[in-house]
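Trainee: Could you take a close look at the ligand site for me, and then at the charged pairs in the protein? I'd like the cut-offs spelled out as you go.

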Amino acid sequence: MSQPLQSQLSDVLQKLESLLERVPETVAKEVRQQIREFRQILVDTRAPRFALVGRRGSGKSSLINAIFGQKVAEVGHEKAQTGEATWWPYSGELGSIDILDTRGLQEGSRPSEADTATSPVESILAALREKAPDIMLFLIKATEADAGIDNDLDALKTISQTIEQVHNYRPPVMVVATHCDTLEPKNVRLHKPEEENPDDVQEKLERVTVIENLLRAKFEADPYLKESLITVLGVSSYQSWKNDRLRSDERWRIDTLLDYIFNELPKEGKLAFARLSQIQTLQESIANRLTQIVAAICGGIAAVPIPFGDIVPITALQISLISAIAYVAGRQLSPETAREFLTAIGATISAGLVLREVARASIKFLFPGGGSVISAGIATSATLGIGKAATAYFIQNLSLEKARQIFEGERKKAKS
Ligand SMILES: Nc1nc2c(ncn2[C@@H]2O[C@H](COP(=O)(O)OP(=O)(O)O)[C@@H](O)[C@H]2O)c(=O)[nH]1
Ligand SMILES: [Mg+2]
């Protein structure tokens, strides 16, 4: 995440936490819980980490490019792996992921370059001890799924057990059958089924299913691997590049794959992944979660009997919610621009709203119980409206007018 946004968020959260110290523990506890999740998603955000297991040519580099929709890895020409295998950051315009290519483990301890001290196997194990992957992706060509893959499964197990010993964490495994586009009938395009003969498409899909089932059976035959398995999915990662520009895009089911990965990622990795995947449903999922969290925090602060004290952090939180949602969508907003968005959807602290805030603060002061309930409801629904409007505008690319209506609708819902 960008440094300014991150430090802006840290500031807001710090202010909030000092406010909470003056609040009864019963209320504060709930809000602290929400703050913790907000932190995990936004402040502690980091690149997701994937360990790739798959033979040379299985399509590891292509899958990385398919995830980004951008050419970030060299495809096809790969030198024999010599020397150090390390965590490697792959960066696109919208973010990065850390990849550990574990191919050296499958290829055994073949002689490495004379002047390198560590063998590929040793350096892979060292990298795994340094950092645990969030997920392991096991790649195999669909056309090779029925060949012997026992060595590959052994390598996978060694990797998983190493991680488990060191990190006390067993990474989930996603099995990816690549090259599904090359199955018979060969020239039928899975990524453009509407332009193909339905019977041909059906036949090809059935072949994909057969391969998926075969791979699943191999995994499930081993109790250890069975427990780690997320799912088996046939895909095509094929994209053709000319001078790093996309010439043809034959990706198929990559969005499904990304969806599975997203669901398995820890909170710290989800935001970066949703952003760089450019998949709207994943971005919406993060935006909804953030909106719920910030609405709960704002409602929580408003419920607290501290006159005036709640006005500043609530606005600051709403502004950071807007910035965060825009960030997920691949944008960078200054706090000023985020504030302008508030104004544009009619949620700004206009003179009238300030008066109301002051009024309700006094109500709270006079009747702590009753006034608090009213203001908590207002704070929650306004924040929900702001989050939904920002999601509509930045992620779903709807108009500003539509965003304004969504905000209004949420407020009306709360009133009635
Ligand atoms: N048709 C097709 N070709 C693929 C697919 N994935 C990778 N390839 C091709 O397979 C070759 C090896 O891919 P690469 O990603 O370099 O494999 P790696 O050695 O595992 O990194 C390249 O020529 C890719 O273009 C796929 O899903 N479909
Ligand atoms: Mg490669």
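**The ligand site and the salt bridges**

Mentor: Happy to! A backbone N or O atom of His 179 sits 3.0 Å from an oxygen atom of ligand 1, a polar contact (a pair of N or O atoms within 3.5 Å). Lys 60 also takes part, with a polar backbone atom 2.8 Å from an oxygen atom of the ligand, and for Ser 58 the distance from a backbone N or O atom to a ligand oxygen is 3.4 Å. Ligand 1 on its own exposes 570 Å², of which the protein buries 83% (Shrake-Rupley areas, 1.4 Å probe).

Please keep in mind that this is a predicted model, where local features need pLDDT of at least 70, side-chain atom pairs count only at pLDDT 80 or more, and totals for chains, interfaces and linings use all residues. Residues are numbered from 1 along each chain as its sequence is written, chains are lettered from A and ligands numbered from 1 in the order in which they are written, and side-chain values use heavy atoms, with hydrogens and water left out.

Around ligand 1 there are 17 residues, counted when a heavy atom lies within 4 Å; Gly 57, Lys 60, Ser 62, Gly 76 and Asp 181 come nearest. The shell divides into 10 polar, 5 charged and 2 nonpolar residues, with Asp, Glu, Lys and Arg taken as charged and Gly among the polar ones.

Now the charged pairs. There are 19 salt bridges, each a side-chain nitrogen of Lys or Arg within 4 Å of a carboxyl oxygen of Asp or Glu. In one of them, Arg 46 meets Asp 134 with the closest N and O atoms 2.8 Å apart. These partners are 88 residues apart: Arg 46 is in the loop between α2 (25–43) and β1 (49–53), and Asp 134 in the loop between α5 (120–130) and β4 (135–141). Helices (at least four residues) and strands (at least two) are DSSP runs. Asp 134 counts as buried because its relative accessibility is 4%, whereas Arg 46, at 23%, is partly exposed. Buried means under 20%, exposed over 50%, and partly exposed in between (1.4 Å probe, protein chains only).

Another bridge joins Asp 152 to Arg 55 at 2.9 Å, N to O. Asp 152 belongs to helix α6 (residues 150–167), and Arg 55, 97 residues apart from it, to the loop between β1 and α3 (60–68). Asp 152 is buried at 6%, and Arg 55 is partly exposed at 29%.

Conventions:
A polar contact is a pair of N or O atoms within 3.5 Å; within protein, one must be able to donate a hydrogen and the other to accept it, and residues adjacent in sequence count only if both atoms are side-chain atoms.
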